[in-house]
Amino acid sequence: MAKVIYRLWSEDTRDLMILPGSLPLDDPHSRNELTYYLPPGWDAVIETDIDGERAAATRIEHNEPRFGQFGAARLIARTLFLGSAPASVAQKDATRGLDRARLLLGCLQPGQAASIYSDALGRVIDQARYLRTTGDPAAAETRYWFDTRANLRREMEDRKRRFDDNTEVRETLAGTLKTLLAQPAPFDGLHIFTPHADVPDDSALRLVVLGPEHWTARDEGRPAREAVRTYLKQHGDKPRYRANRLLFLAPDHGPLSRLKEAARTVLAWGSIVADIKEGRLNIDLLQQREAETALKSAQDVLPSTARECYKWLLGPLQENPTAPEPEIEAFPVPTSSAAIGKEIARICQENELIIETWSPIHLRDDLKRLYWRAGDTSTRAGQFFEDSLRYFYLPRLKNHAVFAQAITAGASSKDFFGFAYGVKADGGFEGFCFGHCDPVIDDSLLLIEPGAAAAYAATLQQPGLPLPPGGDTGRPGGRDEPGIRDDPNNPAGGVTIPVTPTPGDPAPTKPVAPRHFHGSADIPAASAKMHLVQLAEEVISQLCTDPNASVRVVLEISAEFPDGAGEATKRAVSENAKTLGMKMVEWE
């Protein structure tokens with residue numbers, strides 16, 4: 001005690017009382033006198049956490065001037081040392097450590113506020129390597145003490161730096177998001193951090209969860225939007241055709257760092273618990289329970305942090321078919337509800353990102369706006385549905401059943417469209433039906449503009465006029481059948497009577513199968529790549545299904561330059577054509 005008093009007098013200490021926090025443990029003489037009565041190992045504790053130039057308490061005071069003014073962090077650490085170090089040589093059943101009230105009494109001088117020391121205690125708990133607690137550090141009944149063995153919290157902090165953001169942290173986040181998004185949603189596929197090459201290009205509706213590097217924010221969303229455009233355009237090395245089947249979930253930039261930190265905490269505590277079970281970490285039972293409790297707490301925090309971070313639903317929208325590329329619109333997903341899947345489904349329904357129930361009036365309006373133009377009054381139903389999978393200015397239907405339901409709902413009225421299954425050589429329709437129909441919805445079904453359908457039905461029902469070639473009467477599903485003839489007493493063709501062939505009539509001749517096919521198409525240069533691939537998939541591949549067929553494809557390209565082709569264009573086209581083996585290349 002004489003050495004302590006001498007050191008305090010030499011430093012001209014003005015404290016009104018000599019308290020446990022007044023012990024000058026940075027003085028070698030005083031420290032050696034105290035540690036002489038303790039087991040080995042306390043010198044490292046003092047130098048690392050309590051007092052000295054490199055101690056944690058000293059760093060805290062340097063970084064926080066309000067603590068350094070009173071030496072609050074070192075006073076807290078010194079009081080803890082004097083209150084807990086003697087317990088290391090006491091009986092095993094002795095109560096270890098100090099509670100918060102006695103700890104503050106060991107530091108507080110008359111006239112000082114207790115809050116400054118209470119705040120300093122929190123900092124020491126976070127950064128001290130050898131400090132231990134009995135429970136929640138914020139609770140009044142919690143006891144604190146120093147031990148010669150490092151605490152598990154510091155061990156956890158050290159282990160957090162081992163885990164890489166692109167491997168272990170990313171895998172942990174993917175598993176958490178997979179659990180969060182397990183609730184039912186209007187999607188056929190869920191892809192978490194999946195490269196665009198591994199997201200199928202088919203008719204299924206898919207939700208793509210973007211990686212942490214593709215973040216967005218309310219005032220800055222370039223990383224996420226660039227990633228979305230890449231997914232919409234590419235499917236690996238090939239272009240993506242059914243891009244209107246993808247929606248995206250992106251993280252918010254603000255809580256992203258906290259999410260990664262929470263994932264590292266789970267990984268660190270998980271590795272500590274695993275080492276304890278495998279016997280690679282020798283600790284007492286109290287520390288084992290502390291590690292297991294901390295792991296459970298970290299695992300509970302991670303899903304809520306991920307829920308708060310992944311809060312932006314991104315959807316491509318295009319109002320004008322002539323727009324060069326779609327706009328990527330962001331919809332915030334509320335974080336108050338735990339059921340993120342239901343929130344996403346609600347947003348998709350309210351903003352018509354996904355159509356689950358479709359009225360035939362909307363189908364008719366889209367057909368009038370985009371298909372029934374320039375004298376073409378019929379459109380293949382299968383073509384419209386296929387286009388809706390590709391183009392963003394068409395509705396994003398949940399599945400083909402929604403499309404079929406809209407057609408079926410419109411079949412009972414003459415307000416929406418007529419039906420047929422083919423076009424005759426004279427411009428008529430095969431299997432024509434208009435009003436009160438029961439169409440078979442397949443790739444051959446034609447949707448006819450209602451005005452054109454009404455006009456065609458009127459030509460079929462005019463009395464005294466011969467029926468159009470093929471005997472089509474305009475009845476639902478009407479078609480030529482052997483042995484069936486219209487009743488002459490019913491010009492409208494509502495009843496048919498069987499006809500028995502007369503002996504001696506020539507036998508019907510068997511139709512001759514066609515042996516040749518020729519086809520040509522005008523392809524817009526701006527979308528030539530897409531249309532050529534479509535022709536290859538839907539026409540050429542069908543012709544090649546017959547192993548005996550000989551299929552030859554000839555491509556003809558014609559270009560006109562009113563002001564003459566530039567020399568650079570001429571040279572580039574000629575060289576590329578020669579490299580690709582084109583048989584004829586001419587410039588005029």
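Two strands are taken to pair if DSSP finds at least two bridges between them. In the predicted model described here, strand β12 and strand β15 (residues 446–448) meet this condition, because 3 bridges join them. The two strands run antiparallel, and within β15 the residue Leu-446 stands opposite Ala-420. Both strands belong to an open sheet of 3 strands, in which the order is β11-β15-β12 and the pairing is antiparallel. The edges of this sheet are formed by β11 (378–380) and β12 (418–420), each of which pairs on one side only. From one strand to the next, the twist averages 30°.

The protein chain as a whole contains 20 helices and 17 strands. It comprises 588 residues, of which 41% count as buried. Among the contacts in the chain with a separation of 6 or more, 63% are accounted for by residues 24 or more positions apart. The chain exposes about 33,900 Å², and carbon and sulfur atoms supply 52% of this area.

Parallel pairing is found around strand β5 (residues 206–209), which is joined to strand β8 (residues 246–251) by 4 bridges. In this pair, Arg-206 has Leu-246 of β8 as its bridge partner. Strand β5 also pairs in the parallel sense with strand β4 (residues 189–192), again over 4 bridges. Here Val-208 of β5 stands opposite His-191. In a regular strand, the side chains alternate between the two faces of the sheet. Both faces of β5 are covered: Arg-206 and Val-208 are buried on one side, and Leu-207 and Val-209 are buried on the other.

Among the helices, α8 (residues 114–127) consists of 14 residues. The distance from its first C-alpha to its last is 21 Å, close to the 20 Å expected at 1.5 Å a residue. An α-helix has 3.6 residues a turn, so residues three or four places apart point the same way. In α8, the buried residues include Ile-116, Ala-120 and Val-124, together with Tyr-117, Leu-121 and Ile-125.

A further helix, α14 (residues 340–350), contains Glu-343. This glutamate has a relative accessible area of 15%, and it is therefore classed as buried, since the cut-off is under 20%. When residues up to four places away in sequence are not counted, Glu-343 touches Arg-307, Val-333, Pro-334 and Ser-337.

The structure holds 1 disulfide, formed by Cys-433 and Cys-437. A disulfide is a covalent bond between the sulfur atoms of two cysteines. The angle about the S-S bond is -110°, and the link of Cys-433 and Cys-437 is left-handed. Both of these cysteines are buried. Two further cysteines may be described in terms of accessibility. Cys-107 has a relative accessible area of 2%, and Cys-348 has a relative accessible area of 1%. Cys-107 therefore counts as buried, and Cys-348 is likewise buried because its value is under 20%.

Technical notes:
Residues numbered from 1 in each chain as written. Predicted model: local features only at pLDDT ≥ 70, side-chain atom pairs only at ≥ 80, totals over all residues. Heavy atoms only, no water. Buried < 20%, exposed > 50% of the residue type's maximum accessible area, 1.4 Å probe, protein only. Contact = heavy atoms within 4.5 Å. Areas by Shrake-Rupley, 256 points an atom, 1.4 Å probe, with all protein chains shown as cover. Axes fitted to C-alpha atoms, helices over the stretch in contact; angles between N-to-C directions. Expected span 1.5 Å × (residues − 1). Disulfide = S-S within 2.5 Å.
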